[in-house]
Amino acid sequence: MPRPLIAGNWKLNMLRSGATELATALRKGLEGESKADVVVCPPFIAIPAVVEALRGSAIGVGGQDLYWQDSGAFTGEVSAPMLADAGCRWVIVGHSERRQYFGETDETVAKKLRAAQKAGLTPIVCVGERLEEREKGVTKDVVGRQVDGALGGLSKDELKKLAVAYEPVWAIGTGKVATPEQAQEVHAFIRWRLAGLSDEATAREVRLLYGGSVTPENVRGLMEKPDVNGALVGGASLKAESFLKIVRG
Ligand code: PGA
């Protein structure tokens with residue numbers, strides 16, 4: 001079983017002062033041994049303050065997105081080497097909000113995750129179906145296409161150096177968490193798909209996170225499922241108390 005990974009996605013929240021305060025509280029709360037790897041993903045501009053607040057702690061820092069070119073005339077973008085240079089070791093790629101509002105596609109996700117790995121960052125690649133897709137019974141078609149589109153062509157070594165987050169769009173920020181059984185069903189499917197792209201041993205090593213309305217109350221049931229290796233947490237990661245409870249399971 002891979003070591004659990006709990007990542008907080010702060011989205012478009014928090015000024016530097018609040019970000020520093022939250023990071024400091026997490027650091028204090030997680031002193032000593034933790035059962036999981038813990039990562040926080042602040043807005044780009046708060047990354048240096050959070051990296052500073054967490055220096056020397058085991059909590060990792062990640063970006064919420066990146067651009068696939070290292071540098072050049074791409075106004076407004078942030079590259080993988082810039083994130084690494086700022087102290088990040090992680091980056092979220094292909095979040096459904098990026099797909100929905102900012103034109104992210106499986107092709108751009110594939111380019112971004114390769115750029116992230118080239119710079120030594122570990123990508124957390126997000127996939128997940130929309131409500132109408134679940135209702136039409138095409139969840140696995142959608143998720144399978146996203147997995148193949150993003151990860152197809154990666155070597156076994158490259159597959160081992162990323163995490164996949166299954167985030168059903170209907171569960172994000174809605175309070176409607178997937179049941180542990182619903183999550184397990186799709187996670188098992190993703191792992192099977194990963195095995196098809198590599199082999200079973202490789203697929204077993206890839207951490208599969210669940211995301212979408214994760215709270216201290218529902219995290220344990222989800223994490224008990226064999227193919228759920230962690231969580232990507234939005235709203236409940238904005239308060240130290242609730243995020244710490246989630247990390248502690
Ligand atoms: P949520 O967001 O926990 O607020 O539902 C999860 C995510 O979007 O990563």
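Helices here are DSSP runs of H or I, at least four residues long, numbered from the N terminus. By that count, D157 sits in helix α8. The model is predicted.

**Ligand site**

- The ligand has 13 residues around it, and K11, H95, E167, G173 and S213 come nearest.
- By class, this shell holds four nonpolar, seven polar and two charged residues.
- K11 places a polar side-chain atom 2.8 Å from an oxygen atom of the ligand.
- E167 does likewise, with a polar side-chain atom 2.7 Å from a ligand oxygen atom.
- G234 contributes through its backbone: a polar atom there is 2.8 Å from an oxygen atom of the ligand.
- On its own the ligand has 280 Å² of accessible area, and the protein covers 95% of it.

**S213, one of the nearest residues**

- S213 is among the residues that come nearest the ligand.
- The residue is found in the loop between β7 (207–211) and α11 (219–223).
- Its phi is positive, near 60°, and S213 is not a glycine.
- S213 counts as buried because its relative accessibility is 17%, and the cut-off is under 20%.

**Helix α5 (residues 106–118)**

- With 13 residues at 1.5 Å a residue, α5 should span 18 Å; its end C-alpha atoms are 18 Å apart, so the two values agree.
- Buried residues in α5 are D106, T108, V109, A110, K112, L113, A115, A116 and Q117.
- Q117 belongs to α5 and is buried, with a relative accessible area of 17%.
- Leaving out residues up to four places away in sequence, Q117 touches P123, L154, E158, K161 and L162.
- Just after the helix, G120 takes a positive phi of about 85°.

**Helix α7**

- The 13 residues of α7 should span 18 Å at 1.5 Å a residue, and its end C-alpha atoms are 18 Å apart, which agrees.
- T139, V142, V143, G144, Q146, V147, A150 and L151 are buried in α7.
- G153 follows α7 and has a positive phi, near 95°.

**Helix α9 (residues 180–197)**

- At 1.5 Å a residue, the 18 residues of α9 should span 26 Å; the end C-alpha atoms are 25 Å apart, which agrees.
- In α9 the buried residues are A183, Q184, V186, H187, F189, I190, R191, L194 and A195.
- An α-helix has 3.6 residues a turn, so residues three or four places apart point the same way.

- D157, in helix α8, is partly exposed because its relative accessibility is 48%, between the 20% and 50% cut-offs.
- The C-alpha atoms of D157 and T202 are separated by 8.2 Å, although the two residues are 45 apart along the chain.
- M14 lies in the loop between β1 (5–9) and α1 (16–29).
- M14 has a positive phi of about 85° and is not a glycine.
- With a relative accessible area of 26%, M14 is partly exposed.

Methods
Residues are numbered from 1 along each chain as its sequence is written. This is a predicted model: local features need pLDDT of at least 70, side-chain atom pairs count only at pLDDT 80 or more; totals for chains, interfaces and linings use all residues. Side-chain values use heavy atoms; hydrogens and water are left out. Helices (H or I, at least four residues) and strands (E, at least two) are DSSP runs, numbered from the N terminus. The expected span of a helix is 1.5 Å times one less than its number of residues. Buried means under 20% relative accessible area, exposed over 50%, partly exposed in between (1.4 Å probe, protein chains only). A residue is near a molecule or strand if one of its heavy atoms lies within 4 Å of it. A polar contact is a pair of N or O atoms within 3.5 Å; within protein, one must be able to donate a hydrogen and the other to accept it, and residues adjacent in sequence count only if both atoms are side-chain atoms. Accessible areas come from the Shrake-Rupley method with a 1.4 Å probe; for residues, only the protein chains shown count as cover. Ala, Val, Leu, Ile, Met, Phe, Trp, Tyr, Cys and Pro count as nonpolar, Asp, Glu, Lys and Arg as charged, and the others, Gly among them, as polar. Contact means heavy atoms within 4.5 Å.
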